[in-house]
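User: I am new to this structure and would like to know what stands behind the terms used for it. Please set each value against its definition.

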Amino acid sequence: MKNAPTGQVVTVGAATQVKRSNRGSNQVGVRLYNERLALSLIRQQGSLPKAEIARQTGLSPQTISVILKQLESAGLVRKEKPLRGQVGQPRVPFSLNPDGAYSFGLKVGRRSSDLILMDFVGDIKQVIHETYPYPTPEAVRIFVENGVKSLQASLSESLWPRIAGIGVGCPFELWNWGEEVGAPEGIMNQWRSFDIRAEIEKITGLPTANCNDATGACAAELVFGNPNGFQNFLYFFVGTFIGGGVVLGGDLFIGPQGNAGAIGSMPTHLPDGSGGVRQLLNAASIYTLEKRLVAEGTDPARIWQSSDWKDLGPVVDVWVDEVSAGIAYAIVSAMSIIDFEAIVIDGAFPPNIRSRILAGTSRTLESMDLQGVSPVMLAEGMLGGIARAIGGACLPLLSNYALDSGVLLKAVG
């Protein structure tokens, strides 16, 4: 994704980057797989000539020529300027055509919704943002209906057939969070009977898919962020409630029940006041900052209105320290089970807060007993609060053009 903020990387010990090998096949019946393989390689590396695609896939030059001709004819790739200065004929690299496909991405959050229009290379063309004290199905329905019409009108009518669909990133079981978000009693129960995928498909007439918002944010970081090319990482996203994701071998891992990366449930070192310890959810989420601001008489809506949070006062400093410590303890627990090469931290906060949390997490880790735990690299996520909407927008593109079209769509159970 272009125009993303520059991320900070902190090395705690030494980390080894793992390269993933992609190999194609010449067997009859795998044309679609090979097309998606070529598209994936071009996406990963920006542009590639035929010979290099053939070398990396193991497919014959003749097969690659046919594949690229088909992809170019479909408007998914385009030729770039020839590479000169080498012996023989100049090599012509192919890149993705930004107008090759479009998708809508919807993030439904506990405090706000975002609707984006994204092109084939991950550039966001338009964003519509709406805030509220708590989400209701009717408000989301109206927001989507009006927003999709507005965003589609921003495109040339000739490009409308290239809209692949709409993907939704939404917290699971929203009805369980009424007390935490301060919604009137019972109002969040409306979400129990609201099939968000089916309703949005009916409203828009577009193919619709949905996933957990934090899982979608992790997928967005993997596809459009991740400048270091990490293939095995644990992802933390600090939103109203903290969530995350797991990437193993370059793929998003959701687990047999679809609950991998549920880091909010991890225990922390902090007491809960009843003889136990707090979950990370209750120690490293933005809603805990909201509660503290309310307690001191400050309007918590300023969290979503401030560009750097400096005007929120010392309460932010205390919160950053608590979030950093909670994440550090969660990292040690996770690294004791899986030898991740990196930890990626992002969230719905200003970039300077993200940098402070990463630095604080690093300091806490350095003060802990890490015997038996492998060194790990800490890195800032690249996408920030919009990551969840980008994750939604990824879904139609994954379904239609990626190697593993079911990465976020697999049945649970």
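Analyst: Contact means heavy atoms within 4.5 Å. By that cut-off, and leaving aside neighbours within four places in sequence, tryptophan 309 is in contact with Ile286, Leu289, Ile303, Val316, Trp319, Ala348, Phe349, Pro350 and Ile353. The model is a predicted one.

User: What makes a set of residues a nonpolar core, and which residues have the most contacts inside the largest one?

Analyst: The members must be buried Ala, Val, Leu, Ile, Met, Phe, Trp, Tyr or Cys residues, joined through side-chain atoms within 4.5 Å. The largest such set here has 89 residues, and Phe236, Trp309 and Trp319 have the most contacts inside it. Helix 9 gives the most to this core, with 12 residues. Apart from it lies another core, of 31 residues, including Leu106, Val140, Val168 and Phe194. As a general point, nonpolar side chains tend to be buried together in soluble globular proteins.

User: How do you know that the span of helix 9 agrees with its number of residues?

Analyst: The expected span is 1.5 Å times one less than the number of residues. Helix 9 covers residues 315-335, so its 21 residues should span 30 Å; the end C-alpha atoms are 30 Å apart, and the two values therefore agree.

User: Why is methionine 118 called buried?

Analyst: Its relative accessible area is 0%, and the cut-off is under 20%; methionine 118 is therefore buried. This residue lies in strand 6, residues 112-119. Beyond its neighbours within four places in sequence, methionine 118 has contacts that include Ala101, Tyr102, Ser103, Phe224, Ile390 and Leu397. The C-alpha atoms of methionine 118 and alanine 389 are separated by 9.7 Å, although the two are 271 residues apart along the chain.

User: How do you know that strand 5 and strand 6 pair, and in which sense?

Analyst: Pairing needs at least two bridges between the strands. Strand 5 and strand 6 have 7 bridges, in the antiparallel sense. Serine 103 stands opposite methionine 118 in strand 6.

User: What is the order of the strands in the open sheet, and which are its edge strands?

Analyst: The sheet has 5 strands in the order 7-6-5-8-9, with mixed pairing. Strand 7 (124-131) and strand 9 are the edge strands, since each pairs on one side only. Neighbouring strands are turned by 15° against each other on average, direction ignored.

User: What joins strand 8 to strand 5 and strand 9?

Analyst: Strand 5 (residues 102-108) and strand 8 pair in the parallel sense over 5 bridges. Strand 8 and strand 9 (residues 208-211) are also parallel, over 4 bridges. Both counts meet the requirement of at least two bridges. Glycine 169 of strand 8 stands opposite lysine 107, and its bridge partner in strand 9 is cysteine 211.

User: Is strand 8 mostly covered or mostly exposed, and what lies across it?

Analyst: Strand 8 (residues 163-169) is mostly covered, with 7 of its 7 residues buried. Helix 6 (residues 196-204) lies across strand 5, strand 8 and strand 9, and runs at about 150° to strand 9.

Note on methods:
Residues numbered from 1 in each chain as written. Predicted model: local features only at pLDDT ≥ 70, side-chain atom pairs only at ≥ 80, totals over all residues. Heavy atoms only, no water. Buried < 20%, exposed > 50% of the residue type's maximum accessible area, 1.4 Å probe, protein only. Axes fitted to C-alpha atoms, helices over the stretch in contact; angles between N-to-C directions.
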